[in-house]
Amino acid sequence: METEMDKFLEECSISGDAAYGAIKGLLERLEKESTRSEARVFLAEIQRRYADSSIECFKKYHFRIHDVWLNDFEGYQKRKKLTMMEIPSIFIPEDWSFTFYEGINRHPDSFFREKTVAELGCGNGWISIALAEKWGPLKVYGLDINPRAVKIAWINLYLNALDEKGQPIFDPDGKTLLDRVEFHESDLLAYCRVNKIELERIVGCIPQILNPNPEAMSKVITENSSEEFLYDLSNYCALQGFVEDQFGLGLIARAVEEGIAVIKPMGFMVFNMGGRPGQGVCRRLFERRGLQISKIWETKVMQAADTDISALVEIEKNSPHRFEFFMGLVADQPICARTASAYMKSGGRISHSLSVYSCQLRQPNQVKKIFEFLKDGFQEVSSSLDLFFEDESVADEKIPFLADLATFFKKQSFLPYDSPAGWLNFRSWIAGFMKNYHRIPLTADNVVVFPTRTVAIENVLRLFSPRLAIIDDHLTKHLPKQWLTSLALEGSGESEAEEITVIEAPHRSDLLIELIKKLKPQIVITGMAHFEAITSSAFENLLSTTRDIGSRLFLDISDHLELSSLPGSNGVLKYLASHTLPSHAAILCGLVKNQVYSDLEVAFIISENAAMQEALSKTVELLEGHTALFSQHYYGCLFHELLAFQINDRHPILERECTGNGSTTMIDFCPSAISTFDGSEFFIHAPQFTNPSTIIHMDLDQNILPIPSVVKASIFESFARQNMVESETDVGSGIKQLLRSQYGYPIDTLSEVICGNSCLALFNKLVLSCINEKGTFLFPMGTNGHYLSAAQFMKCNVSTIPTKPETGFKLSPEALKDALMTIERPWVYISGPTVNPTGSVYSDSEINSLLAICAEFGARVVIDTSFSGLEFEAGSGSNIWNLKQGICNPAGSQNFCLILLGGLSFELLAGGFDFGFLVLNEPDPDLAESVGNFFRGLSRPHGISKYAVRKLLGLKNGADERLLEAIKEQKESLKNRAEVLTKTLTSCGWDVIGCHGGVSLVAKPREYLGKTVKIDTSNATLDGSNIREALLQSTGLCINGASWTRLPNYCRFSFSVEQAKFDQSLDQIIEFKKTVLGA
């Protein structure tokens, strides 16, 4: 053996690489059972030969074997030491790792016992081996990126698993260290992730200083790399793409996020943290990722003399942050990195604090879902993520919501469209909450959702247009001023919209009842005092009084509805558990009570009157479009959390007493609402279909193509952020830049940008301004049927301007001029550059010709760009508009004004994430005052929405490659679909108008007109008004008919639907042809 040893040592003396080669040969012998004992004895002999001169051995032969003594260390063999081999290219145990071991040692024995553990940056493996020896874990995976470290760690495992005679050392469970420990080459937790190993404990002592030579860290790591390079892997880390990189903690941040993915829900992570960046920075690294932390050990250690801190000095030079070092071990006042570097260069020794943190996920399943979403291409969002909350109630709301939002984005490639009455899931959860907690047997059909309580109230008043309404004084704040100042208490029930009179009512029910009896209002909207809401008597008195008087009652319970698993007594809901809600009454509730997003509001109205619910649904569709999906999503999560753990239908529903409706005549829907409902098309709820989801909706204004990752990231980040400052939600400058670059719209820094939750809501406020001026709104035929219906609903004077199919139903200068010659105080609506629904596109010369005529006649012009931004041809439409030429017309009337109405869901590919804006170009003071008055009750975007939009506008205006490429792909996709749909329709007997942009086209069913088909149970002759119903009943395909397009016999097809549904729609068009025309 002496000869063999001499030969081995001679080989090792050549170089460190040669020594590593010889040691690898020894490892191969240890791995074979036949030579394992002999190899272990050989290592024991080497250790004995150099027992007193291991340092000399290290210098001469580039390795050493020595004992690491650990105070109070007693494993199953009662050993107080470990036998370890070291080589120059791996980290040698010193203060850092000893401090880390001391921190681990503070945990109770049960912390590691029979647990699955991973050690990151295991080096020569001594901590993994010590951990397995002392606590008996089920398995320890020692992981290191240094391939040589892993080989040496295996040798050290054999050194301690076998005694000096080469025999296995068994613990009381009959296992050896070889059964409990494995070592693997791995970049952090890659090995566990690839092999789907779930961990219960993760411990790590890894580098926390950026390499002063960044290029060095980009080299490929192999066991043949230089010793210096491999050793530096123990001291330095590269940039990891995390915000913590600036403190040298990027590698720790990545380790934590990888740990979240593989650790079991109740697992712990334990990390060694150098205090150089400051304790606050260290704690925040963990806390903002949803971890609860405790500092289990802290001391000071000397800064390693071979570690270059110049990277930290450079960070201080370029930022206000200051690192923390100390002069020696006894100083208690910290010094910055620059001072520490100068002190070191002058021969001084510096130290820094070193802490061991033990961490556990506070809501593990939810936090894991969030990070699972972020790792799929959303890494940049993690820098804005903050899951630390001082208030546990805030954490209990926000973290589950973010997890749900992450799951939603992971599953959904697009934002689904749902009924304007509200997201079906949300309405079902509201009904479920009422049923489970208050024993009121409601369904989703009893609930209509509104953006805010104010919007709900205004929609109700416009639906009924009462002569007189009494409204609780705290609910009138944002209603139009003229309603609150009018004194027209007498007159017919068919008064104009502006003649609605609102009387503010006291909060006490006895005073309110007296007022109702005296004034006999047609509508009463009120809340209840807290002391009256506990019992049902006040509510019953209100029901009785309003029924007798003939008033419709909307009772606001916003202040009394508790979203809690232990809701307090509520007299109104207690009454409804045993009585049906009378047809003249409804319940109003605004949801504003949440712990996280102040002022994020959603409202709903509950009624058991089917006609009322249908009318409210149509009203919100006409006046608002629909309620923001993510607002519903947030409150929906709160309701769902309260329902998810319950067993459905466990409690029997009490038999309810039917409440008499009385004989007094109630106010009906106003005539303009009834006529609009009868003559317009609305969202098909299709109760006759057993599964409404089987309907293919080609009747929507929404872009339902896949949302790009960059858009999802912006939306998610907006909800994840905390403590947003006002500048981060300022969208005005971004919108102005977009308007200047896209449309050449002259706008200065002082011009106001008014934002709304939807373009439709903004447009309807302009309609009110038109009514206030006693003007007439002119619509080109074939332009946005919903907008025309909304204007008629609000009793605005409207007129249509003829257009021709030969020009794609675009407005011609001649037709516009003829129309304006007969109209006083005209308002002109133009959809462009892309016309909704035809897909035609106005050129720059065309739009400026129209503006010149409008200026001549002093018209107010509303250009609606909300359906633009997806023109198929490069250079068409919005890319070459220069509105400055048409606006700055010296020959124009002083009454001329251009109002630009826009949305960003098309421009930014945001699908159903609606966001509308409006800009007035130097309006006259009267118009500005009028607009300001009617915008009081506007549903405005929350700061969350504005944050996301601001971020996306920055990407759009900054020509971000990812967003521009996504826009290019969607334009190409829409163009291809338009071509395929046109070809299919043409072959099936439709005349199609050429489409050049947007998400829809129009076509005339030439071959079908006059044909007889069965609709419902009777035969009908097909025309433009009933072909929608015929196609829907025959195939399940839903389009818009002539009642929507306002073009005789022309129908609209929206082709921005899911790919599978688009393909299916083509088959349904062919199927309809066979049904009606035959094969």
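The model is predicted: local features need pLDDT of at least 70, side-chain atom pairs count only at pLDDT 80 or more, and totals for chains, interfaces and linings use all residues. Residues are numbered from 1 along each chain as its sequence is written, and side-chain values use heavy atoms, with hydrogens and water left out.

**Helix pairs**

Helices (H or I, at least four residues) and strands (E, at least two) are DSSP runs, numbered from the N terminus. Axes are lines fitted to C-alpha atoms, for helices over the stretch in contact, and angles run from 0 to 180 degrees between N-to-C directions. Contact means heavy atoms within 4.5 Å.

| Pair | Axes come within | Crossing angle |
|---|---|---|
| H2 (residues 16–31) and H7 (residues 147–161) | 10 Å | roughly 45 degrees |
| H16 (residues 392–411) and H27 (residues 709–720) | 10 Å | roughly 175 degrees |

H16 is therefore roughly antiparallel to H27 (angles over 145 degrees; under 35 is roughly parallel, 65 to 115 roughly perpendicular, the rest oblique). Residues of H16, including Phe401, Leu405 and Phe409, meet residues of H27, including Ile715, Phe716 and Phe719. This contact holds nine nonpolar, no polar and two charged residues. Nonpolar means Ala, Val, Leu, Ile, Met, Phe, Trp, Tyr, Cys and Pro; charged means Asp, Glu, Lys and Arg; the others, Gly among them, are polar.

H2 and H7 are therefore oblique to each other. On the H2 side, Tyr20, Ile23 and Leu27 are among the contact residues; on the H7 side, Ile152, Trp154 and Tyr158 are among them. The H2–H7 contact residues divide into nine nonpolar, one polar and four charged.

**The sheet**

Seven strands form an open sheet with mixed pairing, in the order S11-S17-S16-S15-S14-S12-S13. Strands S11 (447–450) and S13 (501–505) are at the edges with a single partner strand each, so one side of each lacks a neighbour in the sheet. From one strand to the next, the twist averages 20 degrees.

S11 pairs with S17 (residues 602–606) in the antiparallel sense over four bridges; strands pair if DSSP finds at least two bridges between them. Valine 448 has isoleucine 605 in S17 as its bridge partner. Helix H24 (residues 610–623) packs on the sheet and touches S11, S15 (552–556) and S17. Helix H25 (residues 629–643) lies across S11, S16 (585–591) and S17, at about 65 degrees to S17.

**Annotated spans**

An unreviewed UniProt entry gives "domain: Methyltransferase" for residues 115–156. That span is 48% helix and 26% strand, with its end C-alpha atoms 22 Å apart. UniProt (unreviewed entry) also lists "coiled-coil region" for residues 957–984. There the span is 89% helix and 0% strand, and the end C-alpha atoms lie 38 Å apart. UniProt positions follow the numbering used here, feature names are shortened, and annotations may be inferred rather than shown by experiment.
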